[in-house]
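Open the model in your viewer with the sequence panel beside it. The stops below are given in the order in which to select them.

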Amino acid sequence: MIRTQRLAAGICALLAALTAGIAFPAGAVADETTADAPKVDLVLDVSGSMRANDMDGKSRMAAAKQAFNEVLDATPEEVQLGIRTLGANYPGDDRKTGCKDTAQLYPVGPLDRTEAKTAVATLTPTGWTPIGPALLKAADDLDGGTGSKRIVLISDGEDTCAPLDPCEVAREIAAKGIGLTIDTLGLVPNTKMRQQLSCIAEATGGTYTSVEHTDELTDKVNQLVDRAADPVVTPVATEGAAACSQAPTLKSGLYTDREEFGQERWYRVDVNPGQELRASVSVAADRSVNPDYGVLLRAVTVHAREIVRGEAAGNGRTDVISTGLRYPKAESDEEDAPAETVCLQVTNSFSAASGVKTTPGMPLELTVDVVDGPSQASDVASFGLGRGWWLLGALILAGFLAGVLWGWLSRWRVAVWRTN
């Protein structure tokens with residue numbers, strides 16, 4: 001009897017051990033999967049100024065709620081998303097208490113869209129604007145894991161809790177080396193807010209964008225959340241030259257540089273026969289600038305003959321202006337045909353507002369991609385029309401037939417009129 005009981009107990013213990021052995025590895029796999037997941041913490045200003053009704057006829061808070069609901073619907077499944085508030089809970093005048101008013105509205109983790117929307121719906125503009133404390137807490141929200149980490153700060157005013165400078169907080173976060181990026185969005189911006197939010201973003205390699213419409217807010221937050229899910233690409237710092245002959249030679253990749261107001265920068269790219277060069281450039285106005293500006297990207301030969309250009313203009317409603325170009329180099333009959341050196345010139349027409357420092361230059365981001373060229377001649381742009389030749393030909397033919405038909409009808413009507 002005793003032996004039977006011992007045998008049964010041993011079998012039970014063995015089954016329990018086997019069960020644990022099976023269960024734990026599965027949990028470990030799950031932990032490894034979530035550890036690599038990208039994380040985003042949306043930090044929303046819910047201070048009293050968010051009551052202002054100047055965004056498409058609605059309050060800033062209502063616009064933010066609408067944008068958040070659309071963003072939550074579009075968030076990729078692999079992104080762990082959280083929401084933190086600042087100025088949402090304390091309505092009083094005590095500065096010490098108001099500057100501690102930041103809370104995690106929805107924890108960073110797998111997204112329950114209904115629960116997150118319900119939490120956002122409860123928000124009411126209330127108190128202070130403790131941006132610095134909120135950023136410190138948000139960095140803690142994203143602690144752990146090896147995936148990308150991003151804070152998206154949405155605010156309609158500068159911090160009201162100095163001397164804890166939010167820009168210094170951002171630099172402190174960057175110095176930790178945890179790979180955390182802070183992007184900032186300013187609702188209906190003023191000069192002081194622009195400067196502060198730009199400084200926060202620049203300290204961690206993020207972006208600053210001014211927003212005045214609900215759809216702009218939705219689109220930008222969606223873009224930043226999607227960017228968190230993309231593979232992390234670290235731009236390579238480079239320094240363009242004042243002339244093509246001294247310019248650095250770049251390969252396919254993402255590069256950063258700085259360009260002063262009205263300056264031009266040169267870079268070189270080698271393109272083999274049968275390859276296509278694709279290049280784009282973005283210049284960010286990280287300080288106050290005069291309206292009406294532009295950026296020009298030109299591809300020229302080493303003998304200064306222009307090959308192709310891309311250009312864009314702005315009127316002060318956006319802080320980043322971008323353009324791009326494509327240059328397919330034809331195949332060569334020679335087996336050992338040399339590569340062609342293409343000179344890329346970046347020029348801007350920004351001008352500084354009164355009292356604004358012009359140094360260092362504005363952030364410039366250059367993307368270079370050299371790929372296999374199109375395999376068919378019809379894939380190459382022809383006089384700027386490419387496959388649009390088909391549409392142009394169809395329109396010409398339709399116009400010709402319409403003209404013939406109209407002429408015949410006119411003659412027929414005249415003949416009938418004369419007969420009658």
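Contact here means heavy atoms within 4.5 Å. The model is a predicted one.

**Stop 1: Asp183.** Select Asp183, which sits in strand β5. Is Asp183 buried or exposed? Its relative accessibility is 1%, and the cut-off for buried is under 20%, so Asp183 counts as buried. Now show what surrounds Asp183. Setting aside neighbours within four places in sequence, Asp183 is in contact with Arg150, Ile151, Val152, Leu153, Gly206, Thr207 and Leu224. Display the side chains of Asp183 and Arg150: they make a polar contact at 2.3 Å.

**Stop 2: helix α6.** Strand β5 covers residues 180-187, and it is one of the elements against which the buried residues of α6 pack. The others are α5 (131-141) and α7 (191-203). Select residues 166-175 to see α6, then colour its buried residues: Pro166, Cys167, Val169, Ala170 and Ile173. Turn the view until you look down the axis of α6; the buried residues fall within an arc of 160 degrees, so they line one face of the helix.

Next, look at what lies at the ends of α6. After α6 comes Gly177, which has a positive phi, near 70 degrees.

**Stop 3: the second largest pocket.** Move on to α7, which gives five residues to the lining of the second largest pocket, the most of any contributor. The space in this pocket is about 320 Å³. Its lining has 14 residues, and those closest to the pocket centre are Gln195, Cys199, Glu202, Asp286 and Arg287. Select these five and centre the view on them. What is the make-up of the lining by residue class? Six of the lining residues are charged, four are polar and four are nonpolar.

**Stop 4: Ala37.** Finish in the loop between α1 (2-35) and β1 (39-45), where Ala37 is found. Ala37 has a relative accessibility of 11%, which means that it counts as buried. Which residues does Ala37 contact, leaving aside neighbours within four places in sequence? They are Glu78, Gln80, Gly147 and Ser148. To end, draw a distance between the C-alpha atoms of Ala37 and Glu78: the value is 6.3 Å, although these residues are 41 residues apart along the chain.

Key
Residues numbered from 1 in each chain as written. Predicted model: local features only at pLDDT ≥ 70, side-chain atom pairs only at ≥ 80, totals over all residues. Heavy atoms only, no water. Buried < 20%, exposed > 50% of the residue type's maximum accessible area, 1.4 Å probe, protein only. Helix = DSSP H or I, 4+ residues; strand = E, 2+ residues; numbered from the N terminus. Arc of directions from axis to C-beta. 1 Å grid on protein atoms, 1.4 Å probe; cavity = no way out; pocket = protein on both sides within 12 Å on 5 of 7 lines; lining within 4 Å. Points joined across faces, edges and corners; volume = space filled by probe spheres on them. Nonpolar A, V, L, I, M, F, W, Y, C, P; charged D, E, K, R; others polar. Polar contact = N/O pair within 3.5 Å; in protein donor to acceptor, adjacent residues only side chain to side chain.
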